[in-house]
Amino acid sequence: MHLKSLNWQSRSAIDKEKEKTVNKSESKYFKTAAKMDEALIKLLEKKDFEYITIKELCAEAGVNRSTFYLHYENMTDLLEETLKYMGSKFTGCFETDENTTMHSLKEGKLEELIFITEKHLVPYLNFIQEHRTLFFAAMNYPERFASAKSFEVLSEKLFYPVMSKFDVPENEQTYILMFYIKGIMGI
């Protein structure tokens, strides 16, 4: 009985040590990926995406070329991940999370759905200002940055449901949305 208990305790300790190693490895993996995301953003401030090389990126991130290929097949894969990374940073700059906003769409009062307020516009505009290089690159090269797809998802999940809650006729929603977006981009 004691031997089985000892054996179980040993296995448990070994499993915990392996788990620590895996978590440490995962943490290092994600930190390295974030370094490469940040390096790409920094390089985009200096030149267009098409002219950024893997060598430059690795030098900026402080990683080896082999590390880049451990994470990505090519620069386009990195760009896709960087856009997801920036998307999560963007949503993180607001006071409410996505689930709260989605709940407000279904159950909330109309006042909760007015997004043209200081509470919503200031974080948005601050984010755009802080990351203007990436934002302008996304606007200038929408096919490369999949801007249309991101906009489409945002429209379907947020903009159109909000307008429907405010009883905006469906045939006018696209026009109003384009007017609003062009105005925000003009700022």
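Let's start at Asp 37, which touches Tyr 72, Leu 78, Glu 81, Thr 82 and Tyr 85 once residues up to four places away in sequence are set aside; contact here means heavy atoms within 4.5 Å. The model is predicted, so local features need pLDDT of at least 70 and side-chain atom pairs count only at pLDDT 80 or more, while totals for chains, interfaces and linings use all residues. Residues are numbered from 1 along each chain as its sequence is written, and side-chain values use heavy atoms, leaving out hydrogens and water.

Asp 37 sits in helix 1 (helices are DSSP runs of H or I with at least four residues, numbered from the N terminus). With a relative accessible area of 2%, Asp 37 is buried, that is, under 20% with a 1.4 Å probe and protein chains only.

One of its partners, Leu 78, also touches Met 36, Leu 40, Leu 57, Phe 68 and Tyr 72, again not counting residues up to four places away. This leads us to the largest nonpolar core, with 28 residues, where Met 36, Leu 40, Leu 57, Phe 68, Met 75 and Leu 78 touch the most other members. Such a core is a set of buried Ala, Val, Leu, Ile, Met, Phe, Trp, Tyr and Cys residues joined through side-chain atoms within 4.5 Å. Helix 1 gives the largest share, seven residues.

A second, separate core of seven residues includes Leu 158, Phe 159, Met 163 and Ile 181.

Finally, look at Gln 173 in helix 10 (residues 170-186), buried at 4% relative accessibility. Its side chain makes a polar contact of 3.3 Å with that of Ser 164 (a pair of N or O atoms within 3.5 Å; within protein, one must be able to donate a hydrogen and the other to accept it, and residues adjacent in sequence count only if both atoms are side-chain atoms). A polar atom of the Gln 173 side chain also lies 3.1 Å from the backbone oxygen of Val 168.

Note on methods:
Buried means under 20% relative accessible area, exposed over 50%, partly exposed in between (1.4 Å probe, protein chains only). Helices (H or I, at least four residues) and strands (E, at least two) are DSSP runs, numbered from the N terminus.
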